[in-house]
Every structure is written in C-alpha cells, then in structure tokens.
Amino acid sequence: MEIVSILREDTPAVRFIGKKYSASENFGAMWGQWWQNGWFGPLDELEGRAALNQDSYIGAKRIVNGDLEYWIGMFFEPSTEAPEGYESVDVEPLSFAVCWVRDKENSPELTSFETHNRCLEELARQGMIRKEDDWCFERYQCPRYTTPDEEGRVILDYGIAIEG
C-alpha cells in the first residue's frame, strides 16, 4: 500500500444520506447488501449531489459519544430529503486531507486501520492536524478505484477532516 498523493478539499455544509452501522457490524458485508439489494438506486435518483462525492459512493465514519458510526451512502446539498428507509446526518463545512491510496484491487489493506494511521502520519509530516472524532471517508471514485492499472492496482480516496 502506498500513498501517491494528498489533496486538500474544502466543502460547504452537506447532508450525508444513507444507512448507519455500528462498529460491531461487518462493513464489507454491508457493502455487499447494498449492491445485492439495489440500495444505491434511490440515491442515484436524488437531485442535489454534493461535489465532494465526485460521482462516487461513499463509506463515511465518525466517533459520536465514544462510539464508531459507519455510514454507506452519498453526500448531498443540506436541503435534500432522505428517501424512505434511509437516514441522514448534517455535516458542517469541513476541510479534508484526501489521501490517494494505491494497492492491489480488493486488498484488505486499502480500508484498514493501518491505512488510516499511515495517512495520519503523512498528514502530520505535512503539518496538517486532524479534527479529532470528526468525519473520515472512503470515496470509491470511478475510474481511479474501478479500473485497475497494468499491475492490478487501484486508488482509493481516503479523506480525513482536518483543522483549518
């Protein structure tokens, strides 16, 4: 696994719409359920997608009262209503450091805590400060994530909320 780039992205207030999971659940299995049940369909039909998505599906996480929340879905404009069966959470304007993480397709390391920690180390080296317990996200951007290079590697966008 290697970090090939770190970009800063500033976003206005947005609303995340999707489904929320707890730390005790298998997030990989949850993604499988989303594909199997067609749960992205209603989100694809909504107007008002936020630029932060880059037309990608998102896995987002944060700590609330000491507990990890993991969300699957997409970011939208703050006035967007969640379809029936979905939840939403408003996200304040934030700055993100977005690490482009490259590894073999389907590598478990791409979405591991090790990747999170390596991104944090690189942010610190560049003088960026993480906003504690705030949002992090995995952006499965097409074609970076969906089209492997000649060595079978893809790039996952891993965003971490930062100060300032």
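A residue is termed buried under 20% relative accessible area, exposed over 50% and partly exposed in between, with a 1.4 Å probe and protein chains only. By this criterion Trp39 is partly exposed, with a relative accessible area of 22%, whereas Trp34 is buried at 0%. The structure is a predicted model, in which local features need pLDDT of at least 70 and side-chain atom pairs count only at pLDDT 80 or more, while totals for chains, interfaces and linings use all residues. Residues are numbered from 1 along each chain as its sequence is written, and side-chain values use heavy atoms, with hydrogens and water left out.

The nonpolar interior was examined next. A nonpolar core is a set of buried Ala, Val, Leu, Ile, Met, Phe, Trp, Tyr and Cys residues joined through side-chain atoms within 4.5 Å. The largest such core holds 27 residues, of which Trp31, Trp34, Leu43, Ile72 and Leu123 touch the most other members. At least two residues of this core are supplied by each of β2 (14-22), α1 (27-37), α2 (40-45), β4 (67-76), β6 (94-104), α3 (113-125), β7 (136-140) and β8 (153-162). Helices (H or I, at least four residues) and strands (E, at least two) are DSSP runs numbered from the N terminus. Strand β8 provides the largest share of the core, five residues. A second, separate core comprises 16 residues, among them Val14, Ala60, Trp135 and Ala161.

The surroundings of Trp34 were described through contacts (heavy atoms within 4.5 Å). With residues up to four places away in sequence not counted, Trp34 touches Gly18, Lys19, Tyr21, Trp39, Phe40, Leu43, Ile72, Gly73 and Tyr86. Aromatic pairs were defined for rings of Phe, Tyr and Trp (its six-membered ring) with centres within 6.5 Å; planes under 30 degrees apart count as stacked, over 60 as edge-to-face and the rest as tilted. In one of them, Trp34 and Trp39 are arranged edge-to-face, with 5.7 Å from centre to centre and 85° between the planes. The pair formed by Trp34 and Phe40 is tilted, because the ring centres lie 4.7 Å apart and the planes are at 45°. Both Trp34 and Phe40 are buried. One aromatic cluster is formed by Trp31, Trp34, Trp35, Trp39, Phe40, Tyr57, Tyr86, Tyr140 and Tyr145.

Lys19 is placed against two rings of this cluster, those of Trp39 and Tyr86. A charge sits over a ring if NZ of Lys or CZ of Arg is within 6 Å of the ring centre and within 35 degrees of the ring normal. The charged end of Lys19 is 4.6 Å from the ring centre of Trp39, and Lys19 also lies over the face of Tyr86, at 4.6 Å from that ring centre.

Salt bridges (a side-chain nitrogen of Lys or Arg within 4 Å of a carboxyl oxygen of Asp or Glu) were then identified. The count comes to 18. Lys131 and Asp134 are joined at an N to O distance of 3.5 Å, and both residues are buried. Asp157 takes part in salt bridges with Arg139, at 2.9 Å from N to O, and with Arg144, at 2.5 Å from N to O. Arg144 is located in the loop between β7 and β8, so its pairing with Asp157 in strand β8 ties together parts that are 13 residues apart in sequence. Asp157 and Arg139 are both buried, and Arg144 is buried as well. A network of salt bridges links Glu2, Arg102, Asp149, Glu151 and Arg153.

Two further strand residues were considered. Glu69, in strand β4, is buried, with a relative accessible area of 11%. The side chain of Glu69 is joined to that of Trp71 by a polar contact of 3.1 Å. Such a contact is a pair of N or O atoms within 3.5 Å; within protein, one must be able to donate a hydrogen and the other to accept it, and residues adjacent in sequence count only if both atoms are side-chain atoms. Beyond four places in sequence, Glu69 touches Lys20, Tyr21, Ala60, Lys61, Arg62 and Val64.

Val4 lies in strand β1 (residues 2-11) and is partly exposed, with a relative accessible area of 32%. The C-alpha atoms of Val4 and Val101 are separated by 6.2 Å, although the two residues are 97 apart along the chain. Neighbours within four places in sequence aside, Val4 is in contact with Trp100, Arg102 and Ile155.
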